[in-house]
Amino acid sequence: MAHPSEPVDGRSDARLSAIISERRQLTNLAYRLLGSLADAEDVVQETYARWYAMSPRQQEDIDAPGGWLTTVASRICLDLLRSARVRRERYVGEWIPEPLPDRAEWISGRSSGDADPADRVTLDESVSMAFLVVLDAMTPAERVAFILHDIFGYPFADVAVIVGRTPGACRHLAASARRRLHAPRPDAGPSTRRADLVRAFKRAWEAKDIDALIGLLASDATATGDGGGLVTAALHPITGAGQVARFFVDRPTAAAGVTLQECTVNGQPGLVARRDGVTVSVMAFDVSDDRISHIWAVLNPDKLRSWAATC
């Protein structure tokens, strides 16, 4: 017996294909809004569940299904962002956005073994760890208004419907978010230089060469770890080149049994620590004035499920 929502003619079949083709866009949007791939996938599933819960007539009455899906997904994300502030008050230690591997690494690491291309997140500057950390400091309304308008190009009139404010208010929200993100900052340098710095950091860490590490770090460098209360991590950020270097030299991650590999983390050069083929930590880096200025280390196993056994 056919499901009521199944296509019965060519027009319905084309409409279904158009609906399914929105999946990648929705995943990209939800990840940028939430900073969590797992939550983004849940949002997309819930969005489609709401679509298929409607009758065929109700679906036909929607002139722009893609816009409807985006609106629903954005509102779900907005609700999650608001509740996340409460949840994170109970989070043990620092919270860091979920790191994403390079597209090929992500696909090879999917537990299903048959990754849907629509599930892939486009790795560009708007998913770099530095970018996501700043997004996370915004209010939920600022984040939604900025992402929808500046990253995905939605007019403020449409953003207003989602956020529940006037277009003018949404314009101000996006402008406020923009100021946070576009504050003057030192040049990060070319990507090849960033990769060289991360590689040098890896070698100095493996050699437990504290002087070499200090030489690679900005004087006010910061290291932040996220174990989620599940894995031992520093409860608060560590600041200062000497303190950061000493912390990493003393970490068991540099001990026998754990290997460090260079990997792409959120589109930027990073490191992955593995023990017996299992990813135990993913590190993202930010570079300013030819020095490493920030290190984000994710150790929470719940945030490492999408990482493959090899880079």
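**Close-up views of a predicted model**

**View A. Helices α7 and α8 meet through Phe 131, Leu 132, Leu 135 and Asp 136 of α7 and Arg 143, Phe 146, Ile 147 and Ile 151 of α8.** Contact here means heavy atoms within 4.5 Å. The model is predicted: local features need pLDDT of at least 70, side-chain atom pairs count only at pLDDT 80 or more, and totals for chains, interfaces and linings use all residues. Residues are numbered from 1 along each chain as its sequence is written, and side-chain values use heavy atoms, with hydrogens and water left out. Helices are DSSP runs (H or I, at least four residues), numbered from the N terminus. The axes of α7 (residues 129–136) and α8 (residues 140–151) come within 10 Å and cross at roughly 135°; axes are lines fitted to C-alpha atoms over the stretch in contact, and angles run from 0 to 180 degrees between N-to-C directions. α7 is therefore oblique to α8 (under 35 degrees is roughly parallel, over 145 roughly antiparallel, 65 to 115 roughly perpendicular, and the rest oblique). The contact residues divide into six nonpolar, no polar and two charged (Ala, Val, Leu, Ile, Met, Phe, Trp, Tyr, Cys and Pro count as nonpolar, Asp, Glu, Lys and Arg as charged, and the others, Gly among them, as polar).

**View B. Helix α9 (residues 156–163) packs against helix α10 (residues 167–181) at an angle of about 95°.** Their axes are 8 Å apart, and the two helices are therefore roughly perpendicular to each other. From α9 come Phe 156, Ala 157, Val 159, Ala 160 and Val 163, while α10 brings Pro 167, Cys 170, Arg 171, Leu 173 and Ala 174. By class, this contact has nine nonpolar, no polar and one charged residues.

**View C. Trp 51 and Trp 68 form an edge-to-face aromatic pair.** Their rings lie 5.4 Å centre to centre, with 65° between the planes. Rings of Phe, Tyr and Trp (its six-membered ring) pair if their centres lie within 6.5 Å; planes under 30 degrees apart are stacked, over 60 edge-to-face, and the rest tilted. The pair links distant parts of the chain, with Trp 51 in helix α3 and Trp 68 in helix α5, 17 residues apart. Eight aromatic pairs turn up in a search of the whole structure.

**View D. Helix α5 gives the most to the lining of the second largest pocket, with five residues.** Both α3 (37–52) and α5 (65–88) give two or more residues to this lining. By class, the lining has seven nonpolar, two polar and seven charged residues.
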